[in-house]
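Subject: Structure handover

Hi,

Here is the structure for you to look over. My notes follow below it.

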Amino acid sequence: WSERNATPREMTRDDMDRVKADFVRATLMGEHAGFDMIELHCGHGYLVSSFLTPISNHRTDAYGGSVENRLRFPLEVFEAMRAAWPAHKQMSVRISATDWHEDGLSEKDSITIARAFAQAGADLIDVSAGQTTPDARPVYGRMFQTPFCDRIRNEANVRTMAVGNIFEPDHVNSILAAGRADLCALA
């Protein structure tokens, strides 16, 4: 994350298989607990997000480089979870649509990522942003992440949830009525 934090090592295939199995185990626990929906968090610099963003993914193997390669492990995790989760129950994926940094995710990347997860069986893309580098230059404000959600929903043609400084029912109504998202999270 920063100079003050330890530098992680590149995951081996064994590490990746163990992490994928942990996500499947968590999925099964969610089903056992009676959840109606689960979400794979692929944003905000967390482990799976670190594969998606070029800010943190410096791998030179099949899991680094192009957005298609950076998507490989996150899709492996998602597909394993989807296989373990009942088909009649919903699954979402949260992504950071931008890193708020010129060397980070592009608009084209976020559309490719959203489409790939939808094609793999995601029912909803939860569109967030940033928190992947301390060098980010976010632009905050009322409903500040909604434009990313709008673009992904309408260009990738996938169902989305808008988040980020949506705090009034009128915000929700205007976002939904304008076709900028399919759901909104108030926060």
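Which residue in strand 3 is the bridge partner of Val93? The partner is Ile125. Before the rest, some ground rules. This is a predicted model, in which local features need pLDDT of at least 70 and side-chain atom pairs count only at pLDDT 80 or more, while totals for chains, interfaces and linings use all residues. Residues are numbered from 1 along each chain as its sequence is written, and side-chain values use heavy atoms, with hydrogens and water left out.

**The sheet**

Helices (H or I, at least four residues) and strands (E, at least two) are DSSP runs, numbered from the N terminus. Two strands pair if DSSP finds at least two bridges between them. Five strands form an open sheet in the order 1-2-3-4-5, with parallel pairing. Its edges are strand 1 (37–42) and strand 5 (183–184), each of which pairs on one side only.

Strand 2 (residues 90–96) runs parallel to strand 1, joined to it by six bridges. Across that pairing, Met37 has Gln90 as its bridge partner, and His41 stands opposite Arg94. Strand 2 also pairs with strand 3 (residues 124–128), again in the parallel sense, over five bridges.

Buried means under 20% relative accessible area, exposed over 50%, and partly exposed in between (1.4 Å probe, protein chains only). Six of the seven residues of strand 2 are buried, so strand 2 is largely enclosed by the rest of the structure.

**Helices 6 and 7**

Contact means heavy atoms within 4.5 Å. In helix 6 (146–156), the buried residues are Thr146, Phe148, Cys149, Arg151, Ile152 and Ala156. Their cover includes strand 2, helix 5 (107–119), strand 3, strand 4 and helix 7. Asn157 follows helix 6 and has a positive phi, near 60°.

Helix 7 (residues 169–177) buries His171, Val172 and Ile175. These three lie on the same side of helix 7, because they cover an arc of only 95° around the axis (the arc is that of the directions from the helix axis to the C-beta atoms). An α-helix has 3.6 residues a turn, so residues three or four places apart point the same way. The cover over the buried residues of helix 7 includes helix 6, strand 4 (160–162) and strand 5. On the face turned away from the buried side sit the exposed residues Pro169, Asp170 and Ala177. Just after helix 7, Gly179 has a positive phi of about 70°.

**After strand 5**

Ala187 belongs to the segment after strand 5. Ala187 is exposed, at 68% relative accessible area. Leaving out residues up to four places away in sequence, Ala187 touches Asn165, Ile166 and Phe167.

**The largest pocket**

On a 1 Å grid over the protein atoms alone, a pocket is an open set of points where a 1.4 Å probe fits, with protein on both sides within 12 Å along at least five of seven lines; lining residues have an atom within 4 Å of a point. The volume of the largest pocket is about 850 Å³, meaning the space filled by probe spheres set on the points. Its lining has 26 residues, with Trp1, Pro8, Ser50, Ser56 and Asn57 nearest the centre. Helix 2 (residues 47–52) supplies the largest share, three residues.

Best wishes
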